[in-house]
Amino acid sequence: MEKAIGSKVNLKNMEDMLAVEYMSCVWDLMDEEKVQKLDEHVQHCNTSRLQHSVNVSYYSFLVCRFMGWDYRSAARAGLLHDMFYYDWRVTKGNRTNHASWHPRVAYDNARKLTQLNKIEKDAILKHMWPCTLVPPRYKESYVVTFVDKACAVVEAVGQKWQKVVGASAHS
């Protein structure tokens with residue numbers, strides 16, 4: 001991914017200090033085969049799960065950086081928070097409430113990839129709160145939770161909104 005949706009910062013531009021600072025948080029994860037495999041799965045409308053994860057990661061990084069909080073943990077948790085490899089709209093199985101149980105699947109996959117600290121673990125496991133009944137413990141976990149919701153809305157309605165705005169501009 002070259003950038004988060006809505007951002008002008010090219011994350012591969014190593015002359016951009018913000019891109020360098022963000023990538024220093026997630027560089028070891030970004031090229032992992034299992035992370036890149038997320039690009040094969042649709043998350044919201046026309047957004048891949050990898051693009052969604054980069055969006056959540058980057059914007060969580062920005063909010064936490066601005067607030068002076070642990071932006072590295074927020075960036076890493078954001079990138080790994082939806083690390084599962086099935087179509088949640090189709091796969092049913094024994095567990096029918098994807099919203100409440102996929103954080104555990106993502107956590108199990110993420111911890112096989114890298115060592116997670118307590119904030120990263122909490123943010124991944126509780127990013128679907130209030131669907132997961134126990135609320136996040138850390139402020140960075142709340143950021144990932146709310147940024148995830150905001151990104152989902154933008155990804156789901158963004159293209160439709162562009163069509164509406166574009167159509168009304170030509171009227």
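Contact here means heavy atoms within 4.5 Å, and the views below are taken from a predicted model.

View 1. Once its neighbours within four places in sequence are set aside, Leu80 is in contact with Leu29 and Val35, with Ala106, Ala110, Leu113, Thr114 and Leu116, and with Ile124. Leu80 is itself one of the buried residues of helix H4.

**View 2. The largest nonpolar core, a set of 34 residues.** Within this core, the residues with the most contacts are Tyr22, Val26, Leu80 and Ile124. At least two core residues come from each of helix H1 (17-30), helix H3 (49-67), helix H4 (71-80), helix H5 (98-113), helix H6 (118-126) and helix H7 (139-169), and H1 gives the most, with 7 residues. In soluble globular proteins, nonpolar side chains tend to be buried together.

**View 3. Helix H4 and its start.** Of the 10 residues in H4, 8 are buried, so that the helix is mostly covered; the buried residues are Ser73, Ala74, Ala75, Arg76, Ala77, Gly78, Leu79 and Leu80. At the start of H4, the backbone nitrogen of Arg72 lies within 3.4 Å of a side-chain oxygen of Asp70.

Definitions and conventions:
Residues numbered from 1 in each chain as written. Predicted model: local features only at pLDDT ≥ 70, side-chain atom pairs only at ≥ 80, totals over all residues. Heavy atoms only, no water. Core = buried A, V, L, I, M, F, W, Y, C linked by side-chain atoms within 4.5 Å. Buried < 20%, exposed > 50% of the residue type's maximum accessible area, 1.4 Å probe, protein only. Helix = DSSP H or I, 4+ residues; strand = E, 2+ residues; numbered from the N terminus. Polar contact = N/O pair within 3.5 Å; in protein donor to acceptor, adjacent residues only side chain to side chain.
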